[in-house]
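Please open the model in a viewer and keep the selection tool at hand.

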Amino acid sequence: MDTPQIVWLRRDLRLADQPALYAAAQMGPVVPVFVLDDAAAGDHAYGGASRWWLHHSLASFAADLAKHHSKIVLRRGHAAEQLAALSKELGGAPVHAIRHYEPWWRKVQGALAKQVDLQLYDGNYLLPPGAVTTGSGTPYKIYTPFSKAVLEQLPPRDVLPVPDTLSAPPKWPDSDDLDGWNLLPTKPDWAGGLADFWHVGEAAAHDRLEEWKDHVSDYDEARNLPSKDGSSRLSPHLHWGEISPVQVWHALKGRRGQGWATYEKELIWRDYAQNVICQFPKYGVEPYREGYDGNFWRSPERGHLIADDLEAWQRGRTGYPIVDAGMRQLWQTGWMHNRVRMITASFMIKHLLIDWTYGERWFWDCLVDADYGNNSVNWQWTSGTGVDSNMFVRIMAPLGQSEKFNAAAYIREYVPELTHLKDAVIHDPEEHGCRPADYPAKIIAHREARERALSTYRAMKGE
Ligand SMILES: Cc1cc2nc3c(=O)[nH]c(=O)nc-3n(C[C@H](O)[C@H](O)[C@H](O)COP(=O)(O)OP(=O)(O)OC[C@H]3O[C@@H](n4cnc5c(N)ncnc54)[C@H](O)[C@@H]3O)c2cc1C
């Protein structure tokens with residue numbers, strides 16, 4: 001009982017329902033550790049918004065640990081090397097961690113297991129990847145049968161409590177100073193909007209869940225309306241593991257109804273995304289389907305001026321109010337409403353014919369919930385390049401979507417140039433002859449974009 005137990009934390013910054021922390025606390029003094037490893041993830045190192053969230057989440061977690069007379073040790077560098085060195089420093093301490101499935105974490109877990117006694121636990125999903133398989137024992141590729149199989153296996157495991165005690169080691173190892181990691185932006189400090197929009201940390205996640213309990217029954221209808229606060233906004237808390245989906249599931253299970261049934265399926269999408277990246281680790285960087293290579297998209301190598309179009313999309317200056325509102329919401333708050341994520345992603349891919357990986361990268365940098373599984377699965381789903389859909393030819397009409405889902409108030413909130421316009425004209429001011437001078441004209445007409453996308457698709461198919 002005297003050997004210190006290292007708890008290696010990543011996207012699981014919580015005290016309750018934390019299987020690695022819980023197990024370690026039963027075995028001896030606990031040394032919680034977070035290693036900032038910018039190299040392991042390569043192209044998918046934390047983006048700007050993620051770094052902002054991570055700073056606040058670590059600060060909040062450290063404050064929670066302090067209430068239990070514990071602390072977090074911060075180290076920077078190659079995670080496997082840092083943890084192996086720390087284990088040695090602590091006399092061969094075992095390392096406990098929740099298992100993560102991003103390709104880079106799987107490599108680090110493999111390397112670390114060769115050097116220390118590594119105990120891995122399932123903890124961040126309703127069911128761990130591999131828990132459900134097809135009749136022939138292979139993983140599911142398609143969401144619908146996957147989701148049916150998961151529903152048959154639910155309920156998930158029980159929720160674990162916060163450990164009764166977190167005993168401290170005789171001597172705390174050295175730790176970096178969180179401020180010294182410079183995770184927060186300074187020049188310029190673009191994070192003011194994020195700070196207004198979010199409360200970070202485990203307690204904030206549970207506060208949000210409490211509020212959400214009263215709204216989940218309306219989810220089925222309200223979730224598609226960007227002007228309403230109709231979804232849970234738990235995504236960054238779930239991504240960073242400040243709350244587990246198992247806790248969410250058990251908290252809401254008494255609120256049965258259509259709203260809950262739809263919400264449960266969204267939680268299962270989250271599990272599904274991990275199931276996909278486990279099978280296809282390069283899902284965030286390569287199309288699953290053939291044909292959608294560099295020759296399919298408009299590209300600078302073939303003389304297309306995509307840089308201007310990409311920048312207009314990123315900055316919310318496309319002339320399509322719903323697209324611009326979404327992109328500005330993303331920039332200001334680090335989050336975007338799900339329906340608008342679909343509209344903006346579809347616009348970049350199909351109207352602008354820009355390779356989906358450019359959008360994946362932008363979201364990766366700007367989202368506080370940027371998640372390798374969820375982001376890549378949704379980008380490949382929208383582009384029709386993924387394992388679950390080949391619907392490139394289904395082209396979302398942004399103006400129609402904006403009207404159908406009553407986005408007028410949402411547009412007013414994020415596109416100040418249009419605040420004075422009435423509901424009847426705000427979705428398409430150019431068409432109604434009331435586009436203000438400081439708001440851009442459409443960068444491409446809907447019909448022209450649609451024809452271009454479809455003819456490119458037909459050419460790729462050799463039709
Ligand atoms: C192009 C695109 C990129 C996306 N990138 C991400 C991302 O990087 N990180 C991320 O967490 N979600 C991503 N999503 C999925 C979805 O948009 C967000 O999870 C959702 O908007 C978060 O808001 P919420 O918490 O209010 O969701 P709710 O509607 O309240 O859903 C509850 C939870 O279910 C999960 N969930 C919901 N929808 C999905 C989905 N389609 N796929 C996977 N999980 C889902 C999330 O964890 C979410 O918090 C993306 C969607 C699109 C179309």
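Begin by selecting domain 2 (125-158 + 202-279) and domain 3 (300-457), each of which gives at least three residues to the lining of the largest pocket; domain bounds come from an automatic or database assignment. The model is predicted, with local features requiring pLDDT of at least 70 and side-chain atom pairs pLDDT 80 or more, while totals for chains, interfaces and linings use all residues. Residues are numbered from 1 along each chain as its sequence is written, and side-chain values use heavy atoms, without hydrogens and water.

On a 1 Å grid over the protein atoms alone, a pocket is an open set of points with protein on both sides within 12 Å along at least five of seven lines, a cavity is a set where a 1.4 Å probe fits but cannot get out, and lining residues have an atom within 4 Å of a point. Points are joined across faces, edges and corners, and a volume is the space filled by probe spheres set on them.

The largest pocket has a volume of about 1200 Å³. Select Tyr219, Glu266, Trp269, Asn338 and Asn378, the closest to its centre of the 41 lining residues. Next colour helix 11 (258-279), which gives the most to this lining, with 10 residues; helices are DSSP runs (H or I, at least four residues), numbered from the N terminus.

Move to the second largest pocket, of about 270 Å³. Ala40, Ala41, Pro103, Trp104 and Lys107 are the closest to its centre, and helix 4 (residues 103-113) supplies the largest share of the lining, five residues.

Finally, select His44, Tyr46, Trp104, Trp105 and Trp364, the closest to the centre of the largest cavity, whose volume is about 140 Å³.

Definitions and conventions
Helix = DSSP H or I, 4+ residues; strand = E, 2+ residues; numbered from the N terminus.
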